[in-house]
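Visitor: I have a protein chain to look at and some questions about it. Please show it first.

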Amino acid sequence: EFPGLALFKRIVSGSKVLSPLEVDFHFTDHAGTEKVVDLDTELILPIYSSESPVKGSVTIKPQPGKRVEHQGIKLELVGAIDLLYDKANNCEFVCVAQNLEGVGVLASESSYSFCFDDVDKSLQSYYGDNVSLRYFVRVSIARPYGLGFEKTGQFIVQSPIPAPEVSSSIKMEVGIEDSLHIEFEYDKSKVSMDDVIVGKVYFLLCKIKVKHMELQIIKRETYGSGENVHNDSQTIFSSEIMDGAPVRGEVIPVRLFLSGAPLTPTFRNVNNRFSVRFYLSLVLLDEEDRRYFKSTEITVCRTQ
């Protein structure tokens, strides 16, 4: 390499001003759009189902008055799992390529249509705090001296399923021997993202001074592999269901509307890289600010 080439590469790759090309993606035949947050950046992305082809066009435009020699132009549909704090374990689980051009010169704006059909998109998109599962179309332009250029356009894959069947009611108990015995009975453990959980809280024994009770939804991301596995839990939604001291025998009705919670589908051990689970937690607070709680997992589905 000639002197200063490494520095020149860094300047070119990190500067929009010096970029020799502008690339724009236009997706068509999608089912709508959705706002997501990717690395603190809000994006509005097109939505495709797992079975539908991904169609559109990519336009490549050199800077005015510039001719860009290249050694070939390639287009790829990529599915990737990115771990924010463990990039060594990032992976591309699907990659399908189409060659657009052989060796040549870009002297004016060029547009290329694409259609990726029969591609395995069985995994749904996910944008989390520590891990993401993303789909994108990537255009790569090979150039001499390692000065290649690439740009990506993201899209979302969703796989709605029929509404889950109503299952038998579930009971969850919170208790302290001789002081507290509460039963929370609710109607389902498998829910859609805009569902309503209906239930009742029974105070069978209550010798402590409870001043507050709420239902919480806790999201837990598990990410990494082998010995490098991490868990991150956060309360994403809470709803007060009682304010004041209950008495023995009291029954508190519960209706929890999930449409107000930032839910995603449940993900379990995706490619041995990550899981996303949700838990319903009944939390009580006494007059001395001591907390009593019990949690149980709920399965969240994206429904049709």
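Visitor: Which residue in the turn of the hairpin formed by strand 2 and strand 3 has a positive phi?

Guide: This is a predicted model, and the answers here are computed from it. Strand 2 and strand 3 are joined by 6 bridges and run antiparallel. Between them lie 2 residues, and the one in the turn with a positive phi, about 50 degrees, is Leu39.

Visitor: What is the bridge partner of Lys35 in strand 3?

Guide: Strand 2 covers residues 33-38, and strand 3 covers residues 41-49. Within strand 3, the partner bridged to Lys35 is Ile44.

Visitor: How many bridges join strand 11 to strand 12?

Guide: Strand 11 spans 131-141 and strand 12 spans 149-158. The two run antiparallel, and Phe136 has a bridge partner in strand 12, namely Gln154. The number of bridges joining strand 11 to strand 12 is 7.

Visitor: Why is strand 12 described as largely enclosed by the rest of the structure?

Guide: A residue counts as buried when its relative accessible area is under 20%. Strand 12 has 10 residues, and it is largely enclosed because the number of them that are buried is 7.

Visitor: Which strand gives the largest share of the lining of the largest pocket?

Guide: The lining of this pocket has 37 residues, with Val36, Val37, Tyr126, Tyr127 and Gly128 nearest its centre. Strands 2, 6, 10, 11 and 12 each supply at least two residues of the lining. The largest share is 5 residues, and the strand that gives it is strand 2.

Visitor: How many charged residues does the lining of the largest pocket have?

Guide: The pocket has a volume of about 870 Å³. Its lining includes 16 nonpolar and 10 polar residues. The charged residues in the lining number 11.

Visitor: Is Asp29 buried or exposed?

Guide: Most residues other than glycine have a negative phi. Asp29 is not a glycine, yet its phi is positive, near 55 degrees. Asp29 sits in the loop between strand 1 and strand 2. Its relative accessibility is 56%, and the cut-off is over 50%, so Asp29 counts as exposed.

Visitor: Where is Asn272 found?

Guide: Asn272 has a positive phi of about 55 degrees, and it is not a glycine. Its relative accessibility is 53%, so Asn272 counts as exposed. Strand 20 covers 267-270 and strand 21 covers 274-286, and Asn272 is in the loop between strand 20 and strand 21.

Visitor: What radius of gyration does the protein chain have?

Guide: The chain has 1 helix and 22 strands. Its C-alpha atoms fill a box of roughly 80 × 45 × 35 Å along the principal axes. A compact globule of 304 residues would have a radius of gyration near 19 Å, whereas the value for this chain is 26 Å.

Visitor: Among contacts between residues at least 6 apart in sequence, what percentage join residues at least 24 apart?

Guide: Of the 304 residues in the chain, 43% are buried. A contact here needs heavy atoms within 4.5 Å. Among contacts between residues at least 6 apart, the share joining residues at least 24 apart is 67%.

Note on methods
Residues numbered from 1 in each chain as written. Predicted model: local features only at pLDDT ≥ 70, side-chain atom pairs only at ≥ 80, totals over all residues. Heavy atoms only, no water. 1 Å grid on protein atoms, 1.4 Å probe; cavity = no way out; pocket = protein on both sides within 12 Å on 5 of 7 lines; lining within 4 Å. Points joined across faces, edges and corners; volume = space filled by probe spheres on them. Helix = DSSP H or I, 4+ residues; strand = E, 2+ residues; numbered from the N terminus. Nonpolar A, V, L, I, M, F, W, Y, C, P; charged D, E, K, R; others polar. Pairing = 2+ DSSP bridges. Rg over C-alpha atoms; globule rule 2.2 N^0.38 Å. Buried < 20%, exposed > 50% of the residue type's maximum accessible area, 1.4 Å probe, protein only.
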